[in-house]
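Biologist: Before I plan anything around this protein, I would like to go through its model with you, one feature at a time. Could you take my questions in turn?

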Amino acid sequence: MILLHLFLVAITISTTFSIEVNPKIFINNAECLVDLSTQLVKGECRLSLENNDDKPVNSVLYAFEPSIKSHVSFISAHQVFESNRLSLNVKPVILSGHEDKQFYQIDFNASRPLRSKGRAPLVVEYVLINALYPHPEEITQKDRQLMMFYGNAYLYSPYKSLKSSVKFQTGTRRIEDYTNVSPVSLSSGDIIYGPFGSLEPFAYSQISLHYDNNTPFLKVTKLTRTIELSHWGNVAVTEVIDLVHHGAKLKGSFSRYDYQRETNSGISSVKSFKMYLPASATSVYYRDVIGNISTSNQRTLLDSVELDIRPRFPLFGGWKTHYTIGYNVPAYEYLYNSGEDYFLKMRLVDHLYDNMIIEDVTVRIILPEGSVDLDLKTTHPIVRLPDGLHYTYLDTIGRPTIQLQMSNVVESHISDFELKYKFPKFFMFHEPLIVIIAIYILFLTVIIWVRLDFSIAKDGQSETRQRISGIISAIIHHFERRASVYSSWDETLNKLKHSKDVSAYNTASKQIQADYKNESTSINELATKLKTESSELSDKLNEVQKAEKNLKELFGQTQSLYIDK
């Protein structure tokens, strides 16, 4: 995590450039609102800028004091003209001589610069993470959670300001203490510093606010999100999450009895939280290392699927949990193509819970096997790791995998990524052909296996059985042929009975007797061979032969009835 953060800082520094502050720009009026009611510090400053320079200004600077620099997670800026919101480009820069501070350059729209001797409104929004500190750091199960915030009573800006005020919203009336910097007022949990008169650039007066904050202080220390795309119509998403409660740590033992009996017991703990998935999400599962967690609930809304996640135990300060979320979405909602050109557009990160903080995010995008010419675009800065290959069922060359990393992610970072790639059409038949070839090879192997003898030593009994089987097959064949001879003999006798033509009968009888003699000779020869192999079968064959001999005598008696007349 530390190495990733240093790497991102190095990239940021390499992409920034040094500029100077324009002394002819000042702030006529500034109203800042800082929301401290959750685990995130959300700020919004409405500025009225004035340009006393003789030429238009295309950009201005916004600054954060050194104590806040490391907590900045997100910043954006926009202008409002006639109810129309115009988003502006924001990028980090370095100001020579002020390297300890964090500066951002806000570029005006080319058609709406800050004109000479003119004024322009500007709204800056930002999110700070890990800027609230539990005080005390440890509490018992029945105690309420108190947070401490250290900030600035003034507007921190590289420009001179003529009028400014800063309002801190705590979301509670339980305020233990706050720094008194005149003028200051307290109203319904809101602490307002100012309005102040003329302030010099980088005006700073440290304040501390100590107040009650029992909202969920959950932080994802590690998120591994895998997006597996299939051209057969499905996108499978899996998220492996390590979650920790980073509020005031639980002091002493945990009592389940008190937790369920008393409503104020464990007020700062987290029993459940809601996660929002795409509206088309199906086959949703929620499990941990033990197995499926059945206490979760799913509800389908008009524009999303709400998943109520309830861990196996309530989360107190310092407690951790590890779980996996998975679901499927139809590919046609996110994947577009024209010929072999494909375009994938979907969320880089899901909404895990309200006011989420994710320290370290790894996103793996697994494309179909054969995809080439990968072109990825994202809205926010990322670190793209070297592409790799992922192997699963029926893969041969591997599926291209894009790996991304981000740090200090909040809800404002939720946006779509755009991925373009090429996929040859013939690869659609790659896996079906592998299945067909595999089945063909399997059957061919079985056919060869059952027909070949792979034994090392000879099996005498097996060979004897095979010889006997061959002899019996041949005997049966000759018996069938001799039976056809009897059929011919019977037909000839029937003709003799009706025609009384003895000479014709004698001619046909000669051929019948010759055929009978040939078949009987072959049977006798096979019987001799069978006797050497199996005496039992030879005896049974002799019995059949005796029965056949009786049958021949009957045919002879029938013949004599017609010939001897």
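Biologist: At what angle do the axes of helix 6 and helix 7 cross?

Modeller: This is a predicted model, in which local features need pLDDT of at least 70 and side-chain atom pairs count only at pLDDT 80 or more, while totals for chains, interfaces and linings use all residues. Residues are numbered from 1 along each chain as its sequence is written, and side-chain values use heavy atoms, with hydrogens and water left out. Helices (H or I, at least four residues) and strands (E, at least two) are DSSP runs numbered from the N terminus, and axes are lines fitted to C-alpha atoms, for helices over the stretch in contact, with angles from 0 to 180 degrees between N-to-C directions. The axes of helix 6 (residues 502–533) and helix 7 (residues 535–563) come within 10 Å, and their crossing angle is roughly 170 degrees.

Biologist: Is helix 6 roughly parallel or roughly antiparallel to helix 7?

Modeller: Angles under 35 degrees count as roughly parallel, over 145 as roughly antiparallel, 65 to 115 as roughly perpendicular and the rest as oblique. The crossing is at roughly 170 degrees, and that makes the two helices roughly antiparallel.

Biologist: How do the residues of the contact of helix 6 with helix 7 divide into nonpolar, polar and charged?

Modeller: Contact means heavy atoms within 4.5 Å, and on that basis residues of helix 6 including Val502, Tyr505 and Leu530 meet residues of helix 7, among them Ser535, Leu537 and Ile563. Ala, Val, Leu, Ile, Met, Phe, Trp, Tyr, Cys and Pro count as nonpolar, Asp, Glu, Lys and Arg as charged, and the others, Gly among them, as polar. The division is 9 nonpolar, 8 polar and 4 charged.

Biologist: Is lysine 510 buried or exposed?

Modeller: Lysine 510 lies in helix 6. Buried means under 20% relative accessible area, exposed over 50% and partly exposed in between (1.4 Å probe, protein chains only). Because its relative accessibility is 65%, lysine 510 counts as exposed.

Biologist: And is serine 76 buried or exposed?

Modeller: Serine 76 sits in strand 5 (residues 72–81), and, leaving aside its neighbours within four places in sequence, it is in contact with Val90, Val123, Val124 and Glu125. With a relative accessibility of 18%, serine 76 counts as buried.

Biologist: Which strands stand at the edges of the open sheet of 4 strands?

Modeller: The order in this sheet is 26-27-32-29, with antiparallel pairing, where two strands pair if DSSP finds at least two bridges between them. Each edge strand has a single partner, so one of its sides is left without a neighbour in the sheet; these are strand 26 (335–338) and strand 29 (372–377).

Biologist: Which residue in strand 32 does leucine 376 stand opposite?

Modeller: Strand 29 and strand 32 (residues 416–422) pair in the antiparallel sense over 4 bridges. The residue opposite leucine 376 is leucine 419.

Biologist: Which residue does a cis peptide bond join to proline 183?

Modeller: Proline 183 lies in the loop between strand 14 (175–178) and strand 15. Omega of the cis bond is about -5 degrees, and the residue joined to proline 183 is serine 182.
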